[in-house]
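Hi,

Here is the structure we talked about going through together. Have a look at it first, and my notes follow below.

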Amino acid sequence: MGLFFKLIRPLLGFFILKFDRMTAPRPPFRTPEEQRKLDAATAHLTLYQLEACPFCVKVRREILRRGLHVRMKDIKRDPVAAEELLAGGKIDQGPCLRIDSKAGSHWMYESSEIISYLGKEYPLQGTNAETAKA
Ligand SMILES: N[C@@H](CCC(=O)N[C@@H](CS)C(=O)NCC(=O)O)C(=O)O
């Protein structure tokens with residue numbers, strides 16, 4: 001059973017990434033000035049993730065849908081990033097959103113929690129994505 005999942009995992013990953021690329025959400029239109037302001041407002045965020053992990057794909061799509069430029073670190077390909085995550089967040093699991101502040105770093109695990117945090121902090125109201133939905 002373990003061997004079965006070991007063999008099937010790369011294949012699943014391949015299809016997840018293919019589907020993700022084919023159906024990638026479009027970021028909302030923003031002027032360069034609006035985007036600059038937003039980039040400054042997200043500069044304290046870092047997403048620790050794995051390329052073909054479905055939970056990470058879900059979070060990356062939400063980031064793309066909101067047009068956020070969040071720093072990404074791949075914990076499978078980048079051993080330094082994996083060490084940072086383990087040292088700071090204490091759990092070797094992606095996705096994890098690191099939220100830096102003067103008080104320190106908060107390590108947010110759980111894709112659904114990350115998605116609802118992004119929705120609350122960076123709403124789409126006023127962007128063309130929101131008007132297109134109406
Ligand atoms: N409930 C978590 C599940 C996250 C999860 O299971 N992530 C897997 C990858 S899909 C992981 O990081 N496993 C550890 C590893 O592969 O090293 C979420 O929704 O974020």
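Three aromatic pairs come out of the ring search, where the rings of Phe, Tyr and Trp (its six-membered ring) pair if their centres lie within 6.5 Å, and planes under 30 degrees apart count as stacked, over 60 as edge-to-face and the rest as tilted. One of them joins phenylalanine 4 and phenylalanine 5: the ring centres are 5.5 Å apart and the planes stand at 70°, so this pair is edge-to-face. Phenylalanine 4 has a relative accessibility of 47% and counts as partly exposed; phenylalanine 5 is partly exposed too, with a relative accessible area of 47%. For these labels, buried means under 20% relative accessible area, exposed over 50% and partly exposed in between, with a 1.4 Å probe and protein chains only.

Another pair is tyrosine 48 with tryptophan 107, whose ring centres are 5.4 Å apart with planes at 45°, so it is tilted. This pair links distant parts of the chain, since tyrosine 48 sits in strand β1 and tryptophan 107 in strand β4 (residues 104-109), 59 residues apart. Tyrosine 48 and tryptophan 107 are both buried. Helices (H or I, at least four residues) and strands (E, at least two) are DSSP runs, numbered from the N terminus.

Before I go on, a note on conventions: this is a predicted model, so local features need pLDDT of at least 70 and side-chain atom pairs count only at pLDDT 80 or more, while totals for chains, interfaces and linings use all residues. Residues are numbered from 1 along each chain as its sequence is written, and side-chain values use heavy atoms, with hydrogens and water left out.

Now the cores. A nonpolar core here is a set of buried Ala, Val, Leu, Ile, Met, Phe, Trp, Tyr and Cys residues joined through side-chain atoms within 4.5 Å. The largest has 14 residues, and Leu45, Leu97 and Leu118 touch the most other members. The elements giving two or more residues to this core are β1, α3, β3 and α5, and α5 gives the most, with three. Leaving aside residues up to four places away in sequence, leucine 97 touches Leu45, Thr46, Leu47, Val70, His106, Trp107, Met108, Ile114, Tyr117 and Leu118; contact means heavy atoms within 4.5 Å.

After α3 comes glycine 67, with a positive phi near 65°.

Glycine 94 and proline 95 are joined by a cis peptide bond, with omega about 5°, and proline 95 lies in the loop between α4 (79-88) and β3 (96-101). Lysine 90 is in the loop between α4 and β3; its phi is positive, near 75°, in a residue other than glycine, and at 61% relative accessibility lysine 90 counts as exposed. Glutamate 110, in the loop between β4 and α5, has a positive phi of about 80° although it is not a glycine, and is partly exposed at 47%.

Best wishes
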